[in-house]
Amino acid sequence: MLKIENLTKKFGGIIAVNNCSFEIEKGKITALIGPNGSGKTTIFNLISSIIKPDQGEILLNNQNIINYSIDQISNLGISRLFQQPRLFKNLTVRENLLLAIDNEDVKLWKNIFGLNKITKEKQGVVQKILEDVGISETKNKLANELSFGQKRLTELARTILNPHQLLMLDEPVGGVNPKIKKDIAKFLLGLKKQEQTILLIEHDMPFTFNVADIIIVINAGRVIAKGLPSEIKKNKEVLEAYLGC
Amino acid sequence: MIDAYFIHLLILIGIYLILAISLQLSLGYSGLLNLGHIAFFGIGAYVSAILSLSGVPFLISILVAGIISGFFGWLLSLPTNRLKGDYLALTTLGFSFVVYAIFLNWVEITKGPFGLPGIPRPNIFGIDFSSNTSFLILVVIFVLISYFFIHRICNSQFGKALEATRDDELAAKSLGKHTLKLKSISLAVSAFFAGIAGCLFASYITFIDPSSFTFMSIIPILLIVIIGGLASLRGTILATIIIVLLPEPLRFIGLPSSILGPIRQIVFALMLILIIYFKPRGFFGKVDLE
Amino acid sequence: MTNVFLQLLINGIIAGAIYALVASGFSLIYSTNKFVHFAHGGIIALSAYFLFWLFSKLGLNFYLSALLTILFSSLLGYILNKIFYRPLRAKKSSSSVLLVASIAILILLESLVLLFFGADVKIINFIKNNQGIEFFGAIITPLQITIILVSVILFFALFVFMKKSKIGKAMRAVADNRDVAEIVGISSEKIYSWSFIIGSAIAGCAAILISLEQNITPTMGTNLMIKGFTGAIIGGITNVPGAILGSFLLGIVENFGIWFMPSGYKDAIAFILLFIFLLFRPQGILGIKNNQK
């Protein structure tokens with residue numbers, strides 16, 4: 001579904017992504033792991049079109065997407081969760097989620113004439129995901145007022161509500177407590193059962209090995225290993241790169 | 001006499017209100033620190049004045065004034081799209097300087113520093129609005145129309161999308177929102193209504209010159225928007241009334257206008273600084289000034 | 001036989017010197033504090049009126065008045081920082097908020113001037129004999145020569161100060177990376193104060209020279225600030241030499257510009273240049289691009 005070919009990105013003298021290539025399969029959860037600074041988030045930013053590559057191609061269903069803009073990438077079906085919380089802090093949880101459902105909100109006249117109402121259906125969708133993720137009590141709270149864990153869950157819900165064929169999650173459980181970590185793991189596995197395709201970056205190894213079907217190891221901007229969790233665990237090179245995780 | 005005075009104040013409140021809620025749309029809801037808002041006010045005033053002086057009926061001149069101002073708002077949004085924070089503020093400020101310089105120097109059209117006198121009061125379908133009382137009714141109608149439109153925009157999903165762009169543009173984009181379009185529409189609509197306010201101003205005072213459109217004139221409007229609270233239309237109404245009425249008691253102390261003017265500015269400037277420091281959310285705002 | 005080209009060039013250099021006087025103090029403050037201190041123009045205006053008050057109203061000796069004016073302007077800058085900017089900084093206000101505050105302060109200062117001195121133009125009658133001197137077909141007055149000389153000396157002194165003195169080096173450290181500077185023991189608040197003192201002192205010098213060459217008006221602060229700011233942006237606002245270079249360029253372009261269009265458009269040239277540079281090259285000619293927000 002998503003294929004990275006010979007992707008290279010330099011920042012000044014530093015080569016952040018170095019001729020990197022990999023492919024991810026539909027319906028599976030693929031995890032990118034690797035030491036800090038190995039280029040994982042940069043790869044994500046290249047896919048999202050936040051930055052442009054110096055070389056290489058990014059193919060979504062065999063279509064090269066490197067010249068699309070950030071919003072176009074989203075409309076092509078790639079939904080992104082960022083490493084740092086990026087909620088709309090002055091809007092409520094409900095309002096944050098409603099924005100994800102579709103893009104009719106950009107049409108001025110439709111909205112002025114009241115043709116873009118919040119239907120019962122949309123409200124139901126929002127309610128359901130809040131329940132699935134476990135934060136329905138925060139529905140009318142301002143995003144600013146949530147705890148870190150609640151923020152993460154809200155953002156995860158918003159990312160999923162955004163119509164997509166591929167979910168890109170950057171450290172979905174970074175900094176959350178063990179209970180929420182378990183909930184998110186369960187939730188992601190539930191998504192996989194629905195045949196969703198997920199690409200994630202994580203540092204939490206137990207979580208990753210529990211959730212991922214395939215693990216790709218990135219070091220110094222390139223792929224050094226790819227395989228099932230059980231294979232990766234035994235891979236010497238990987239263990240060296242991580243020096244004890 | 002007292003009636004006439006109050007009617008005058010109400011007219012001013014009405015004009016300032018349209019200016020303030022239009023700024024609220026671009027600043028409070030969209031997060032665009034547009035310090036050049038007065039430029040659109042001026043463009044609307046001059047366009048409508050020139051048209052009215054050429055005999056164009058009022059309803060057409062006010063519409064054209066709004067559309068041309070709106071067009072410049074849209075135009076300004078394009079190159080400033082990637083700018084944020086103080087760079088956006090300074091660029092929009094720079095825009096207002098350019099517009100002011102044009103008002104001052106394009107003497108063939110604007111008569112430069114001499115201004116345009118004798119702007120006719122509106123005459124719509126035979127109804128004459130020369131008296132201040134009737135003009136007030138006209139202002140009220142336009143205030144209601146403007147408030148209605150801006151309120152509808154801000155409270156719709158479009159408004160939520162604007163607020164999302166304000167809060168985190170990258171996140172909005174990653175949800176598929178075309179933020180350039182959102183911001184352009186916001187600036188265009190904001191400029192459109194500022195232009196409407198400009199036309200009302202020109203028709204009321206019946207004389208305009210560049211001195212009403214210097215960058216300093218943004219201070220009372222900015223003050224209103226911040227005191228009322230960013231992203232709060234209700235707060236804007238209250239704040240407009242307060243700010244317009246506040247300097248008025250000074251008139252009765254018998255101070256000459258050469259003193260009144262500076263004192264008014266000093267009071268506004270101090271209030272702006274104080275509110276930024278003590279209550280950057282204003283009365284009803286939910287958003288901090290950033 | 002008038003050499004128009006040379007005359008315009010000379011006029012441009014004089015204007016540039018004046019703008020550079022404004023821009024140098026301003027960009028010193030900007031590079032250290034990282035926000036646009038628009039009120040700098042207000043300090044110039046208030047200082048010019050202070051000079052007028054001392055010299056023309058109280059009848060003090062001119063040089064004494066000038067010295068007191070420079071002390072006044074540095075003190076004023078120091079006070080403004082202490083009562084307005086420092087508390088806002090303590091609240092972690094963004095540079096946009098500080099910009100809005102500085103515009104409010106500028107208007108405050110100009111209104112005070114209007115209040116106490118009225119709107120009419122004031123003149124400082126110090127230079128009695130200021131006949132223009134012929135110079136290869138152009139005319140330049142002794143005062144104008146003095147302005148150029150004094151400003152060049154001032155810029156040189158500023159340059160040496162920034163490079164060699166302890167405070168100057170500390171200022172550059174804070175301008176470069178405040179956090180690291182703090183780690184090596186530099187108190188950034190102290191450096192901010194110094195930047196305002198020195199930057200405003202230069203503003204005082206600017207006020208003195210400008211008052212002699214042009215007349216004193218209540219809006220001179222805003223006008224000069226816009227020109228100085230434009231010069232700083234053109235040359236590169238984050239470094240003082242850039243601001244000075246940009247100001248001279250502005251002065252020259254302005255004066256050559258009115259060769260082609262009505263002189264009223266002189267200011268418009270500056271505004272348009274400002275607008276264009278902010279849009280397309282905000283770091284100026286000499287500046288380095290840094291991330292905006």
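Q: In which helix of chain A does A:T154 lie?
A: Helices (H or I, at least four residues) and strands (E, at least two) are DSSP runs, numbered from the N terminus. A:T154 lies in helix α6 of chain A, residues 148–161. This is a predicted model, in which local features need pLDDT of at least 70 and side-chain atom pairs count only at pLDDT 80 or more, while totals for chains, interfaces and linings use all residues. Residues are numbered from 1 along each chain as its sequence is written, and chains are lettered from A and ligands numbered from 1 in the order in which they are written.

Q: Is A:T154 buried or exposed?
A: A residue is buried if 20 or more other C-beta atoms lie within 10 Å of its own, exposed if 12 or fewer, and partly exposed in between, with C-beta atoms placed from the backbone. A:T154 has 27 C-beta neighbours inside 10 Å and therefore counts as buried.

Q: Which residues is A:T154 in contact with, leaving aside neighbours within four places in sequence?
A: Two residues are in contact if their C-beta atoms, placed from the backbone, lie within 7 Å. With those neighbours within four places left aside, A:T154 is in contact with A:L87, A:V93, A:N96, A:I135, A:A143 and A:L146. A:N96 is 58 residues away from A:T154 in sequence, and their C-alpha atoms are 8.2 Å apart.

Q: How many helices and strands does chain B have?
A: The secondary structure of chain B comprises 13 helices and two strands. Of its 290 residues, 58% count as buried.

Q: Which residues of α10(B) are buried?
A: Helix α10 of chain B, residues 218–228, is mostly covered, with 11 of its 11 residues buried. They are B:I218, B:I219, B:P220, B:I221, B:L222, B:L223, B:I224, B:V225, B:I226, B:I227 and B:G228. Just after α10(B), B:G229 takes a positive phi of about 110 degrees.

Q: At what angle do the axes of α2 and α4 of chain C cross?
A: Axes are lines fitted to C-alpha atoms, for helices over the stretch in contact, and angles run from 0 to 180 degrees between N-to-C directions. Angles under 35 degrees count as roughly parallel, over 145 as roughly antiparallel, 65 to 115 as roughly perpendicular and the rest as oblique. The axes of helix α2 (residues 40–57) and helix α4 (residues 95–117) of chain C come within 8 Å and cross at roughly 20 degrees. The two helices, α2(C) and α4(C), are therefore roughly parallel to each other.
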